[in-house]
Amino acid sequence: MNQKQPLIALRDLRRIYTTDQLETHALAGLDLDIARGEYVAIEGPSGCGKSTLLSVLGLLDEPSSGDYILAGVPTTEIDAEEQARLRNREIGFIFQSFNLIPEMSVRENVELPLIYRGGLDGRARRQSVEEALKRVGMDHRADHRPGQLSGGQQQRAAIARALVGQPSLLLADEPTGNLDSESGEQVMDLLGELHDGGTTLVMVTHNPDYAARAGRRLRMHDGRIEQDPEAGGA
Amino acid sequence: MIAGFIADLRHAIRVYRKTPWQTALAVLMLASAMALVSTMATLWTDLHLGGLPGLESNRGLVTVGVRGEFGMGVMGANSAAELRRSVQTLEDVSGVSGMGFLREVPLEGQLLEGQAEAVLPGYFQTLRPRMALGRGLDEDDFADGGQRNLVLSHGLWRQAFNQDPDILLREIEFNDENWRVVGVVDAAFTGTGSGPTLLWLPYGRFLRDIHSMPDMIVDDLPWFRLFGRKVPGTGTAAVEAELARFMDTHDFPDMFGIRSAEEILVVDGIVTHPLQRRAAQRQVSILLATAALVALVAAVNAGIFLLARAPARRRELALRQALGAGRRRIVGQLLTEAGALVATATVVGLLASLWLAAVFRELPFLERSDLSDAAFDPAALAMTALLAAVLTGLVALVPAALVRRKRLAEQSRQAGSQPGLFQHGAALIQLGLAGLVGASALAFLFHLSLLEQRDPGFRADGVQAVLVSFREAPAGSRPNVPQDEAVTAFRADARERLAALPGVDAVAFGGPLPGQRMVAHVSWEIEDRQVSARVIGVGPGFFELMGIPLLHGRDFDTDTEPGLIISRHFAEQAWGQSDVVDRHVSGDDDQMRVIGVVEDVLYGHPDEPVEGLIFSTRMGFGPALAPVLVRGQAAPEQIESRVTEALDRHMDVLSVMTVRPLAEIRAEATERDRARAGITALFGSLVVVMAGFGFFAMQRFLVDSGQREIAIRMALGAGPRSVRRRILQRGLLLGLPGTLLGALLGLVAVAWLRDDLISLAVNAPGVAALTLLGLMALLLVATVQPARRAARLHPGNLLGEE
């Protein structure tokens, strides 16, 4: 793959919600490139389109118009199955509310992306899961259910799940929003380590201190990127 | 408390108005079930608990009948007297004569519409009707040579005697003879016949004195319907067992080869057709049980309906708890909501049952079972109300269970929704019952299909039957039965007239026809063995017209030719071979010589084994009454007109009753089976549709409340195919236990039904296997849409913080 080609390329990307004859432009024509290995923080007031942008980047939502090229793949031209495959291989998600499946153990939660990927036998999957859990310091809690863990531990388990498939892009939506400050710090340190390891990281946050840790800070307002150092401002 | 209830009720109405279509559907399901339950409960209580009006007590009364179609009664007067002397399980036993009935009563020079019942000794002692005046008939009233006494109905006393209080011991003229009134029954007692009775008189005196019948017929002809009153503490089965022993050991006189009843049947209550009553009781019991199962499935569905709104309700309930509502208060609110739903459905169901009960009363398998016209019975209403209460509890169970759990607010944010105990239980109950009722319906349909496919041994298509009967004759007078010469002349004339009609291919005479109710078997002595057969009166050309193959010998040449043509089965039973031409059925009489042997013909119900048949020009239906059979395309009106012309010319005491296709007459033999199959199929379809709908609703609920989990899986790389597959797998696994249970229950039900309601040829494991496949298909269909819905989710909207 061409290293100079951006991992993410958005061209005039729009996401419009239509309800009762009212159009809401959640994303109002974005142009954005994110290179491999970048650490990008997205800031902005509530309702400015941060989470929508993250959903579109994660192929969890489809743009109303425009182009989105992920790792050289024009995502608007592929079907839902292909998008799922791309999501599984290239993207890891970290959510504010962790989104672990409560009926499954930590180990099973972390193993899930590898099961969807297929092609790995049970032993290889177990090994990858153990490594991911060790990396986030959760290997001793592998057989616990999410309900038996603290918020910080749940978020670390969620990070293990996000990175187990070695994705090229980690998307984090307010990863510390439901955590106390100590746990928040630990999670942010972990994300920093992952970035240092070469992972591309895109994080939505309200916290300016955490945003300051990113190499690039984007500020959004009314569905547009108001401030992007790479683009030289709004 | 009342204010709280009203507030809850008001809230319930608001809650239901938010989802009008779903609410209407839930009410409709419950109302259908309640209508069926109410209808069946009404019929059941009528058949099991209903008594004869106007008696001091109905307790312990039973009617004695016989199994099988037996045209007359159970036994003769002498045998009944012997039974009365010896019976231990009955306090008393008596009977009423089939022939003693008069349809019009000649009284004091007038002809009154109603019946006169000729009864055996002990009638009034057994039934104990309340008396308005005087007494019932006692033993002395039956003694020969004494005063002729009778008892009047209240209606006759009122109508003909202006309620004269001095009527007792007054002589009145009945049937041109003087009789003395000894009593008047209570207004409510209308007798034991099929219509209102005007008076009761001693059987022997009536027939011997008035009709001058020979003693042998009066004393021994088995034409009595019997009934008795059980000794307290005695079961009906014990009575039946004792009477069966009596039938086995009693030496019945030979009455022209007409056998007395073979197998006895005792049913509770006073009924005119015990066999039909017993069959109707069993059928209605099955249908009542099925209706209760339908109601159970409907209740589970209504529970699912409420559960489907549970995620939204959790927040409301949590808020109420936060505002200080205790658990009991919230359960009370949920019970009020469920109660409102069930109460509405019950009212709608009861109204629908008024119509439904009338429809059911007309069904062939409930014919002649002495059902009353009562719209609602208190016992039936009590049963319905009890079921409504149970359903309310069941419907409220699910949402009430929600309140049991703590931390409702947390639950509103739960990610996944795996089937819980309720879903597993509901699927098990619904699919199990769907299998049970569905398999029964399938079994009845297979049974019907087997009946319809069975070759009767003749061709009914294209044959029209002209049924003739005596014209109305004055009461008390006997019609002049046409002599052989008149019959022969009529037949020749009718053949000629009908043959001249365009489209007529053949004309013949014969009766009774296949499907027509037959009189008793007749026993024949052949080489010291008794062989029984039914007798059919026919004329020349009958076999050719009916397409019945002649195996040996020849057809009759004339309408009065002596000799017999017998069926293959009879020949093989009597002589062990089919070619028995020129053998004699009894003695050396030429009348009894076999001139031909035909292939077997199925005259009775298609599920019955083949019977021996004897065809004669001189027996069976009286030759004059033998139906005219016409093969061809002639119009029924033209046929009727030609036959009427011939009748008027040669036998004017007869007239055409009806012209009907033979296939239609034949089909009457299976009309009860068709009605049973239709009703069971209706119940089966209802339960299966409800179960399918319930399962679908449950899958929808699981998908809807598990959207977050599905979104997580999608975020981790699960594609639409994977999501669909997962929901389908979960649905099939959830339904598998119920499906297996349903197939098992279906197997048991079909094996049980094979006892007597359906043919033994219906393969119970085959039906169970088909049920299994059907339920699997139902699961698949009910799960496909929720699976597709799950695969179409947009996870982006679901994974953020609420």
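In chain A, helix H3(A) meets helix H4(A) through Val106(A), Arg107(A), Val110(A), Glu111(A), Leu114(A) and Ile115(A). Their partners in H4(A) are Arg125(A), Ser128(A), Val129(A), Glu130(A), Ala132(A) and Leu133(A). Contact here means heavy atoms within 4.5 Å. By class, this contact has 7 nonpolar, 1 polar and 4 charged residues. Ala, Val, Leu, Ile, Met, Phe, Trp, Tyr, Cys and Pro count as nonpolar, Asp, Glu, Lys and Arg as charged, and the others, Gly among them, as polar.

The model is predicted; local features need pLDDT of at least 70, side-chain atom pairs count only at pLDDT 80 or more, and totals for chains, interfaces and linings use all residues. Residues are numbered from 1 along each chain as its sequence is written, chains are lettered from A and ligands numbered from 1 in the order in which they are written, and side-chain values use heavy atoms, with hydrogens and water left out.

H3(A) spans residues 106–117 and H4(A) residues 122–135. Helices (H or I, at least four residues) and strands (E, at least two) are DSSP runs, numbered from the N terminus. The two helices pack at an angle of about 120 degrees, with their axes 9 Å apart. H3(A) is therefore oblique to H4(A). Angles under 35 degrees count as roughly parallel, over 145 as roughly antiparallel, 65 to 115 as roughly perpendicular and the rest as oblique. Axes are lines fitted to C-alpha atoms, for helices over the stretch in contact, and angles run from 0 to 180 degrees between N-to-C directions. The H3(A)–H4(A) crossing is right-handed; that is, the near helix is turned clockwise from the far one by less than a right angle.

In chain B, helix H21 (residues 707–715) packs on helix H22 (residues 720–753) at about 140 degrees, with axes 10 Å apart. H21(B) and H22(B) are therefore oblique to each other. Their crossing is right-handed. Glu709(B), Ile710(B), Arg713(B) and Met714(B) in H21(B) meet Val723(B), Arg726(B) and Ile727(B) in H22(B). This contact divides into 4 nonpolar, no polar and 3 charged residues.

Between the chains, 22 residues from chain B and 24 residues from chain A are in contact. The two chains bury about 2000 Å², 56% of it on carbon and sulfur atoms. Buried area is the accessible area (1.4 Å probe) lost on putting two parts together, summed over both.

The structure holds 40 salt bridges over all chains, with 0 between chain B and chain A. A salt bridge is a side-chain nitrogen of Lys or Arg within 4 Å of a carboxyl oxygen of Asp or Glu. Arg213(A) forms one with Glu185(A), the closest N and O atoms being 2.5 Å apart. Arg213(A) lies in the loop between helix H7 (208–212) and strand E9 (216–221) of chain A, and Glu185(A) in helix H6 (residues 181–196), so the pair ties together parts 28 residues apart in sequence.
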